[in-house]
Amino acid sequence: MEQLRICHLYPEVLNLYGDRGNIRCLQQRLLWRNIDCEITQVKIGDRTDLSAFDLFFIGGGQDFEQEVLLEDLKSGKAAEIRAAIEDGKTFLCICGGYQMLGHYYETYEGVKCEFLGAIDFYTVGGKIRMIDNYAFKLGEESGGSTVVGFENHSGRTYLGPGVKPLGTILKGYGNNGEDKTEGVRYKNVFGSYSHGPILPKNPELCDEILRSALERRYGRAQLMPLDDGFEKLAHDKVLERVLSDRNSGD
Amino acid sequence: MSTIRTIAAVAACKAARWTLRLLHRGGTALPGKVAMKFDPEVLRTVSRGMKILVVTGTNGKTTTCRMLEHALTRSGVRCLANKSGANLLSGVTAEFVCNADWLGRPKTEYAVVECDEGALRQVVPLLSPEVITVTNLFRDQLDRYGEVMHTLEAVRTGVKTVPETTLCLNADCSLTSSISLDVPNPVRYFGLDVPVGEQKETEISDARHCIRCGTAYEYKYYTYAHLGGFYCPKCGYSRLDADVAVTQISSLSAAGSQVRMRWPGGERDTSISLPAVFNIYNAAAAVCAFTAFAGQLREKYGTQLDPEIVFDALSDVESSFGRMENFDLDGVPVQMILVKNPAGCSQSISYLTQLNQDYTLAACLNDRTADGHDISWIWDADYEKLSEDPHLKQVLVCGDRAEDLQLRLKYAGIPEERIELVPDFASMLEKMRSSKRPVFAMPNYTSMLELRGLLSQATGKKAFWK
């Protein structure tokens, strides 16, 4: 039986906006296909060998708690994460977890936090929060499907030259509200601002992520199609509303 | 002193409310907005001289207010309460203005005010209450405030505007009790001295790290969510002894709870007529607030109010709209449990799964402004527990985001064929009416208003603003 080893990084601090639903979704869609999956939570202070995992999930958190984990990153995990990314391991990183992969975060007040620098981008704090349901179209290398989600961030992320976004904004703000880019796609890293959580309503993206991890591990990936009726209903409802500028039931 | 502005504000507010009611609309905020156009601080005038208790916090505001209001009524005094749930500045203003005569003089001496956490800083400086109670702080409608730390700051800012007001804080909530760290106000604490539920760390915690030094908290015991006997192993910041504490929980059932409580008058048994653990917290909050209030009145005005009356009130307080409210829908018992955030939702699910009877669940989810556009919190609530409940026979889902809720339940492990997507609330009412078993309705805020409106019509209950 095939198996994926999933690492949920910093679940105790990066757990806002239902993002743990992503783990649930990855796990279920593997189990429904009879692929085994083992989930390990790696918390602040844990000294676990990160090279033993196939897939990493990093969620978003509160500003207050994000500071707590910067020190933990410095104590060795930063280098391990960078190595895993270069090694082609699959990552799903949301909001704060996504920002963390860049060079730095500069707050609106001008305080600069050094981040991992694993991918060439940076984030600056903005005055307004970019909040609401939104939609974007994935790049071809990520399957090209349409993703719906909920964004809530004041950080504006700017990708370096040649760095590919995860997708192109159809409606909403995305990385910075200016250049229509959303998230990042680098090797097998999928970074996004989308909460919601992102995966359950976007099963094609979830399968794309699983496929990349299975291919990296086994050299091939066969994903049996699933009945995505409920998934499609939830996806289409939000997409239709977002595209017609009705962002809530008001 | 009444000025022309006050008189104009009062007249405009009353006229607006009267017009809305004539149109059969429960206008709760608009009349207040109209009044504030004439006099932005009209609330200060129309509440002058009143003795006021304010309740804020994420969960339990409405029920705690109802307990306090009932205790005051049982003490034989008339009091004003913003029962309709309009808890922003405009809604509170409307309630007080309509309680005043045409010159802006209040008609009652007492008031129990539910106040939104974000609106506290606008409301309390105008009211100068005797007591502010903070029930708890959990992550709630995050798209409105950002994050739970922002909510905490908002509450602290509000408290700082009234440094003489006594605070009643939840001792078991590390976020709430931290409000005392840098405010001059006198503080009383309430809490549970004993564990309840499964004694394990919940996967989702809104306060895992010490608010003073960032070290992970440890717990002597848990009650629910991040509440319990927390302490920081590094800096020593910890739960403080509660002035009002539940020392023993003798029974928990659908009809209510029996507990033992330590309070400034000693230690005594008390029954609480509303079920579930969160109502034990609300009861402790009410005892703490009422005792502090009675003390303030005695000291400041020489008014005698017997604090022990609050216990009588707890034993027969009725649920407020949508919160554990019971209906008889042509023979089908319906209990409505409002859920607005993960902590409250998980606690409500725990309550359901503890009952030993087959039931239908009617889950509703809207995403209007009053609910928050962000519904991602449903993934943090413990719906998985429902999939292990053999008594859950059928799930009906309805609302603006019913499809999301349906998907959440699928991933929680509830078989798809047991879940039914209902297109609108009128159809939902019919489905509930034809249920072969009791129905538990679990709506969020605006879906509760809609469903409750239909239910009250069908069962002859009063509309919420009456």
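Leaving aside neighbours within four places in sequence, which residues is B:Phe96 in contact with?

1. This is a predicted model, where local features need pLDDT of at least 70, side-chain atom pairs count only at pLDDT 80 or more, and totals for chains, interfaces and linings use all residues. Residues are numbered from 1 along each chain as its sequence is written, chains are lettered from A and ligands numbered from 1 in the order written, and side-chain values use heavy atoms, without hydrogens and water.

2. To the opening question: B:Phe96 has among its partners B:Leu43, B:Met50, B:Leu80 and B:Leu127 (contact means heavy atoms within 4.5 Å).

3. B:Phe96, B:Met261 and B:Tyr383 touch the most other members of the largest nonpolar core, which has 203 residues. Such a core is a set of buried Ala, Val, Leu, Ile, Met, Phe, Trp, Tyr and Cys residues joined through side-chain atoms within 4.5 Å; buried means under 20% relative accessible area, exposed over 50%, partly exposed in between (1.4 Å probe, protein chains only).

4. B:Leu23 sits in the loop between helix H1 (4-22) and helix H2 (30-38) of chain B. B:Leu23 counts as exposed because its relative accessibility is 55%.

5. Now the interface: 44 residues of chain A are in contact with 42 residues of chain B. The rule finds six salt bridges across it (a side-chain nitrogen of Lys or Arg within 4 Å of a carboxyl oxygen of Asp or Glu). One salt bridge joins the side chains of B:Asp367 and A:Arg241 (2.5 Å, N to O).

Methods. Helix = DSSP H or I, 4+ residues; strand = E, 2+ residues; numbered from the N terminus.
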